[in-house]
Amino acid sequence: ECENEDMAHTDCFCSHKIAKRCLFFINIFYVLLSIAVCAVGGISLSYGKYFADRSENYCVLQCSTQSSVVGCNCGKPATSKLPFYFYLAPAIGIVTLGALSLVTAVIGIVGIFRRGNRLLIAYIVIMTVIILTQFSFGCASAVVASGNAGSVSQEIYDSLSEYYNRFDWSYFSNVLPPACYVGMSSIIVSSSSGVPETETYFHPLCKFYGECVTATPTIPELQCCNAFDQCDTTRTQCTSGSSCISSVMSLVGAPVAIIAFLGLVVELFAAFLAFLVIQSRPGIIRNSATPSNIGATGGGEGLLDNSS
């Protein structure tokens with residue numbers, strides 16, 4: 001707290017200038033961070049949207065020749081049962097927050113050079129909202145990345161777990177590891193015209209939840225079975241359907257979660273510095289100095305003024 005003595009006034013004024021400089025540079029960094037947040041969110045959004053679009057296109061393609069397709073509703077129009085659009089929400093949110101953060105950083109920079117406190121107060125309020133919202137999106141993205149997104153993840157698993165080998169995983173080769181479509185099965189299915197047809201599906205070599213294939217396994221499927229009748233994930237070609245889904249979720253959610261939580265540190269520090277700038281402004285110090293002393297210090301608000 002600044003007392004009425006001249007020396008305390010000088011010390012408080014110097015602290016004010018230091019806080020201003022720190023806030024200025026942290027906001028410059030925050031501008032760059034906001035651009036990075038938008039970029040990461042945009043990349044995650046593109047992956048999620050790609051997977052969602054491919055899911056819909058896959059169902060349209062498969063349902064055009066079959067009456068029943070795993071993971072699809074073969075109605076008119078054909079739609080996917082896999083609710084991948086849910087996973088786009090964290091990425092959309094983080095892009096929006098990145099844009100808002102960029103505007104907030106500009107407000108903070110302008111507020112540093114203004115003598116009034118209104119802009120900095122608005123800066124603190126908006127920053128608080130961003131911190132709370134970004135924390136929520138970070139948590140949501142972390143849940144998505146872990147593959148534990150509640151009922152939505154369960155809906156995906158229910159759609160694929162029993163008939164994972166009747167779903168063509170290779171259709172999503174751009175976002176799935178190669179091990180997710182190493183296995184191959186040829187199955188006679190009923191076409192939409194009622195004539196039986198042979199369909200070939202590419203899928204993981206292990207069952208959906210990581211067990212060994214026991215019903216007429218192929219040689220590669222047998223090679224992926226360890227002594228405990230579980231998928232031998234030490235082999236690069238061996239994986240399960242649930243692991244493949246988790247890899248996609250991690251691809252979509254993990255970068256968003258990391259950038260969201262890293263941004264919280266910068267935002268908390270910036271809000272604290274803005275509070276210090278407001279509290280240490282020479283204009284709010286109740287000083288009994290003479291008019292000449294006030295004139296000597298009142299003009300020293302500049303960011304790069306080194307007088308103390």
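This is a predicted model: local features need pLDDT of at least 70, side-chain atom pairs count only at pLDDT 80 or more; totals for chains, interfaces and linings use all residues.

Colleague: Is L276 buried, partly exposed or exposed, and what is the reason?

Modeller: L276 counts as partly exposed because its relative accessible area is 32%.

Colleague: Where does α6 bend?

Modeller: There is a bend of about 35° at S250.

Colleague: Let us step back. How many helices and strands are there in the protein?

Modeller: The protein has seven helices and four strands. Read from the N terminus, the order is α-β-β-α-α-α-β-β-α-α-α.

Colleague: And what share of the residues is buried?

Modeller: Of the 308 residues in the protein, 43% are buried. The accessible surface comes to about 15,400 Å², and carbon and sulfur atoms contribute 64% of that surface.

Colleague: What share of the contacts links residues 24 or more positions apart?

Modeller: Among contacts with a separation of 6 or more, 72% are between residues 24 or more positions apart.

Colleague: Can you give me an example, say L97? Where does L97 lie?

Modeller: L97 lies in helix α2, which covers residues 88-113. L97 is buried, because its relative accessibility is 6%. Leaving aside residues up to four places away in sequence, L97 touches T133, Q134 and F137. The C-alpha atoms of L97 and G41 are 9.6 Å apart, although 56 residues separate the two along the chain.

Colleague: Which residues of α3 are buried?

Modeller: The buried residues of α3 include L120, Y123, I124, M127, I130 and I131, and Q134 is also among them. Helix α3 spans residues 118-146 and reaches 42 Å from its first C-alpha to its last, close to the 42 Å expected for its 29 residues.

Colleague: A change of topic: how many salt bridges does a search of the whole structure find?

Modeller: The search finds two. In one of them, K49 pairs with D53, with the closest N and O atoms 3.0 Å apart. In the other, the side chains of D232 and R235 meet at 3.5 Å, N to O.

Colleague: Why are K49 and D53 separated by about one helical turn?

Modeller: They are four residues apart in helix α1, residues 6-63, so about one helical turn lies between them. In general, an α-helix has 3.6 residues a turn, so residues three or four places apart point the same way.

Colleague: And are K49 and D53 buried or partly exposed?

Modeller: K49 is partly exposed, at 45% relative accessibility. D53 is also partly exposed, with a relative accessible area of 27%.

Colleague: Where is D232 found, and which residues does D232 touch?

Modeller: D232 is in the loop between α5, residues 219-223, and α6, residues 241-279. Setting aside residues up to four places away in sequence, D232 touches C224, N226 and C238.

Colleague: Finally, the backbone. Which peptide bond is cis?

Modeller: The peptide bond from K76 to P77 is cis, with omega near 5°. P77 is found in the loop between β1 and β2.

Colleague: What are the phi values of T216 and D229?

Modeller: Phi is near 40° for T216 and near 60° for D229. Most residues other than glycine have a negative phi. T216 lies in the loop between β4 and α5 and is exposed, because its relative accessible area is 75%. D229 lies in the loop between α5 and α6 and is partly exposed, at 49%.

Terms used:
Residues are numbered from 1 along each chain as its sequence is written. Side-chain values use heavy atoms; hydrogens and water are left out. Helices (H or I, at least four residues) and strands (E, at least two) are DSSP runs, numbered from the N terminus. Contact means heavy atoms within 4.5 Å. A salt bridge is a side-chain nitrogen of Lys or Arg within 4 Å of a carboxyl oxygen of Asp or Glu. Buried means under 20% relative accessible area, exposed over 50%, partly exposed in between (1.4 Å probe, protein chains only). Accessible areas come from the Shrake-Rupley method with a 1.4 Å probe; for residues, only the protein chains shown count as cover. The bend at a residue is the angle between axes fitted to the seven residues ending there and the seven starting there. The expected span of a helix is 1.5 Å times one less than its number of residues.
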